[in-house]
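Student: Could you take me through the reading of an interface between two chains, with the general idea placed before each case?

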Protein chains: 2
Amino acid sequence: MIMLTAHLKKYGMKRCPIDNSIKMIGRKFTLHILRNMILLKQKRFSQFLGSIEGISTKTLSIRLNEMEKEGLITRAVISTKPVQIEYYLTEKGEMFEPILKLLGELSLKYEAAIIFKDRKPRDFEDVFGRNVRLSSVYDY
Amino acid sequence: MIMLTAHLKKYGMKRCPIDNSIKMIGRKFTLHILRNMILLKQKRFSQFLGSIEGISTKTLSIRLNEMEKEGLITRAVISTKPVQIEYYLTEKGEMFEPILKLLGELSLKYEAAIIFKDRKPRDFEDVFGRNVRLSSVYDY
């Protein structure tokens, strides 16, 4: 990290902020869980399990614990009978909304053959309209 | 993917564009290589190897090949003696600049104790100024 280190020092940084964020979300399925919470407004373990392709119960448990420790989500025990567990995004976790939007845009524009039935590339606005909040797009 | 599938159909999609982009960058070090190309203006194998912590020669080769196949970078053979290989971002690859900026911002704001020597959170603009292009920040 020689070149990077010299540069970061100039700004009083001990670590690259991008590298730090990549570590936070780099584990498989973390971004998918954020996608489901931000876009699909999902809150429960069973919802994540049912709509994230290929995730196991064990991996989902581990990821949710990590995300809680990272301060991306909070875990709430709802005192129904039986007790229910719900997960909520923190302010830090909500910061992923524009990142997810940009990731979506990239595929809408450059991976149209994979994404769309008619294989035609589109901008985000062509698909979802102008000034749309991503959280309203996937509302169901 | 039941809930997601029903929703995507409404927009004529066969696949979630966010999921597709996550797959593209989900492998370890892909985002780091993009960071180094976009921010540090690096072009060469040896530069990536020297400033991405923990990457091996083998992994770096594999990642660069994958990124070329994904259309994120192009590989150019420079006809010096000995021949040199340089890597350039495509337009699709350049789309990661705002994503990397948002990832950086997240850590500047919420992980200040890890990032800054004085442990004080900052906005991107506090550190780098307003309207700065990320590519100029890491110029060295």
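The dialogue below turns to the contact between the chains and then to one chain.

Tutor: This is a predicted model, in which local features need pLDDT of at least 70 and side-chain atom pairs count only at pLDDT 80 or more, while totals for chains, interfaces and linings use all residues. Residues are numbered from 1 along each chain as its sequence is written, and side-chain values use heavy atoms, with hydrogens and water left out.

Student: How many residues does the contact take from chain B and from chain A?

Tutor: Contact means heavy atoms within 4.5 Å, and here the contact takes 62 residues from chain B and 63 residues from chain A. Buried area is the accessible area (1.4 Å probe) that two parts lose on being put together, summed over both; for chain B and chain A this is about 6,000 Å², with 69% of it on carbon and sulfur atoms.

Student: Which side chains meet in a salt bridge?

Tutor: A salt bridge is a side-chain nitrogen of Lys or Arg within 4 Å of a carboxyl oxygen of Asp or Glu. The rule finds two across the interface of chain B and chain A, and one of them joins A:Glu111 and B:Lys92 at 2.5 Å, N to O.

Student: What is the secondary structure of chain A?

Tutor: Helices (H or I, at least four residues) and strands (E, at least two) are DSSP runs, numbered from the N terminus. Chain A has 10 helices and two strands, and its elements run α-α-α-α-α-β-β-α-α-α-α-α from the N terminus on.

Methods
Chains are lettered from A and ligands numbered from 1 in the order in which they are written.
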